[in-house]
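Dear colleague,

I am handing over the structure below. My notes on it follow.

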Amino acid sequence: MFCPKCGMQIPDDSAFCHHCGQPVNSQPGSNQQYSNYNPYQQPYAQTVAQPQGSQKVVDKLKSAGSSPLFLIAVIAFSLAIVISLITSVYTSTSSDFADTIMILASKFGVDYDIYSTFTTASVASSIFSAVMSSLPSIIVAIGLWLTYSSAISKNNRMKTSGLTLVKVIMVFYMVMLDILFGICEIIFLISSVAATSYGVDDGTTILLVVFNILIIAIIAFINVYYAFIIKSINTAKRVATTGVASDKVSSFVGVLCFISAIGTALTLIANLIFYATASSFTFAADEFGDVLSIIMDYYYSTDLMLLTLLELAMTLTADLCFGILIFKFRGSMRKLIASENEE
């Protein structure tokens with residue numbers, strides 16, 4: 001006969017389906033003394049015992065992910081991406097931008113037809129490149145929103161699909177950096193061979209070597225930063241899935257969030273000062289000075305400046321919130337570990 005629930009074929013004298021555990025009607029002549037015993041349903045009824053206090057650990061993670069601080073950080077991060085896209089589209093399509101480019105083109109004697117063709121192609125390519133360059137950040141934002149959604153859910157456990165999305169993008173960034181490193185080394189090798197062939201002086205050769213070392217150091221530092229982000233994500237995922245407290249969240253990432261916030265704050269202040277004093281700027285009365293004057297008039301007399309300030313403000317907010325969250329979560333995990341050790 002067949003199970004009425006899962007449809008799998010079972011022996012005619014079965015009291016229970018051995019595929020899904022569903023009770024079935026006993027057939028005549030079957031052994032009734034075991035009719036109340038279901039050996040196949042027992043595995044489904046069992047639950048895996050969690051370590052003592054594991055739910056408290058997961059609750060701490062959910063509390064961090066559902067906190068107003070995390071929500072503010074995610075909103076600010078998402079708005080920064082949106083404003084960046086709007087800025088790119090605005091820059092490419094605004095009449096002010098077109099007029100500025102036309103003035104600059106006329107300064108250098110560029111024919112109007114050439115300018116028109118270039119502008120049309122430039123608008124399309126600018127919008128496309130803006131969307132594609134923002135795609136990894138958009139995926140990170142989606143991952144952060146998924147994490148927040150999982151944290152505020154009433155489920156005792158916390159899904160980690162959002163954290164996995166963020167981790168994938170961090171790995172992608174590391175791969176791109178490694179590719180960039182390879183390209184830089186190829187360029188350096190070609191430059192070194194060319195310098196040797198043309199008998200370039202030692203000073204230029206030393207300058208090339210120093211520049212190459214600087215590029216290597218910057219790429220290595222950024223790679224380390226992404227590696228620590230991945231380590232912190234893995235820690236959060238392990239806490240969510242095992243319920244075991246861990247303080248292996250990188251304080252290095254938190255410190256860099258604060259450093260980034262300071263840098264963004266200084267940039268924001270500098271832009272505000274430049275915006276307030278832009279009308280008093282004077283440039284040399286030559287062709288280069290005229291070009292700078294046209295660019296400054298465009299940048300500081302349109303909505304572009306406002307968009308730039310908003311983007312910087314959102315980035316500053318996100319950096320601060322993420323930095324505070326990292327140290328707060330690290331501290332809460334250490335307290336749980338200490339309390340468990342005392343017990």
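**What was found**

The protein chain has 10 helices and zero strands; helices (H or I, at least four residues) and strands (E, at least two) are DSSP runs, numbered from the N terminus. This is a predicted model, in which local features need pLDDT of at least 70, side-chain atom pairs count only at pLDDT 80 or more, and totals for chains, interfaces and linings use all residues. Residues are numbered from 1 along each chain as its sequence is written, and side-chain values use heavy atoms, with hydrogens and water left out.

Of the 343 residues in the protein chain, 33% are buried (under 20% relative accessible area, with exposed over 50% and partly exposed in between; 1.4 Å probe, protein chains only). Among contacts in the protein chain (heavy atoms within 4.5 Å) with a separation of 6 or more, 70% come from residues 24 or more positions apart.

Ser232 sits in helix 7, which covers residues 202-242. Ser232 counts as buried because its relative accessibility is 12%. Beyond its neighbours within four places in sequence, Ser232 is in contact with Lys248, Val249, Ser250 and Val253. For Ser250, the backbone nitrogen lies 2.9 Å from a polar atom of the Ser232 side chain.

Val171 belongs to helix 6 (residues 161-197). With a relative accessible area of 37%, Val171 is partly exposed.

Regards

Technical notes
Polar contact = N/O pair within 3.5 Å; in protein donor to acceptor, adjacent residues only side chain to side chain.
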